[in-house]
Amino acid sequence: TMNTFGAMSLAAAAVALFAACSDNPFTVALVRPLRIIHLNPGDGQVGVPLDAKVVVTFSDPVVESTLKDVKNFSVSLVPASGEPTVVVGASAWDARTNTVTFSPSKPLTYAAAYRIHLGTGIVKANTGESSGGNLPKDIEATFTTELPPALGLVSVSAANGKAILPWDAGGGKPDAVLVRFTEGVKQASA
């Protein structure tokens, strides 16, 4: 493979060679594949906040409409069993930075696996500096969201004002105990 510097050197050499051999004007367009140069959250990242946005920066401008098709660009919730579910949200293209930002319409789920899919249907825009083409291969990355906050105990008190602990200290058992937690708790069914 050839790096960008090598490709530029080759192009410069080709221009010099053709210029020396021809009196006719011509244009040399670099043909380089479309690449992903930044992806956030990154592949394998854990502890991603629930309000995270997915940000993808491309090496070159892309045809924005190709990012609107979920076959080309999507974020999916990947359950432990069953089929992945595409996350609903909006994508915004920034042509100045060649970046697309996906904002989910609601917060992501705690401790869940998500997959970012970028497909070969994403098309590189034709510019004066390079010719078009598609993303050469599908790219998938996964990330996991943060764990829920730890459940904490705020207070324990007797609803009737009697002592709670120890039970045998003369206060007797309370009629009811009021327990307060830092987060909502679902009542268990009997």
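**Labels and their grounds**

Analyst: The model is a predicted one. In E11, Thr 145 is the bridge partner of Val 48.

User: Why are E2 and E11 called paired?

Analyst: Two strands pair if at least two bridges are found between them. Strand E2 (residues 45–48) and strand E11 (residues 139–145) have two bridges, in the parallel sense, so they pair.

User: What makes E8 and E11 a pair, and in which sense?

Analyst: Strand E8 (residues 113–118) pairs with E11 over six bridges, in the antiparallel sense. Within this pairing, His 117 stands opposite Glu 140 in E11.

User: Why is Asn 98 called buried?

Analyst: Buried means under 20% relative accessible area. Asn 98 has 12%, so Asn 98 counts as buried. Asn 98 lies in the loop between strand E6 (89–94) and strand E7 (99–104), and its phi is positive, near 55°.

User: How do you know that the peptide bond from Asn 40 to Pro 41 is cis?

Analyst: Its omega is near 0°. Pro 41 is in the loop between strand E1 (36–40) and E2. Most peptide bonds are trans.

Technical notes: Residues numbered from 1 in each chain as written. Predicted model: local features only at pLDDT ≥ 70, side-chain atom pairs only at ≥ 80, totals over all residues. Heavy atoms only, no water. Helix = DSSP H or I, 4+ residues; strand = E, 2+ residues; numbered from the N terminus. Buried < 20%, exposed > 50% of the residue type's maximum accessible area, 1.4 Å probe, protein only.
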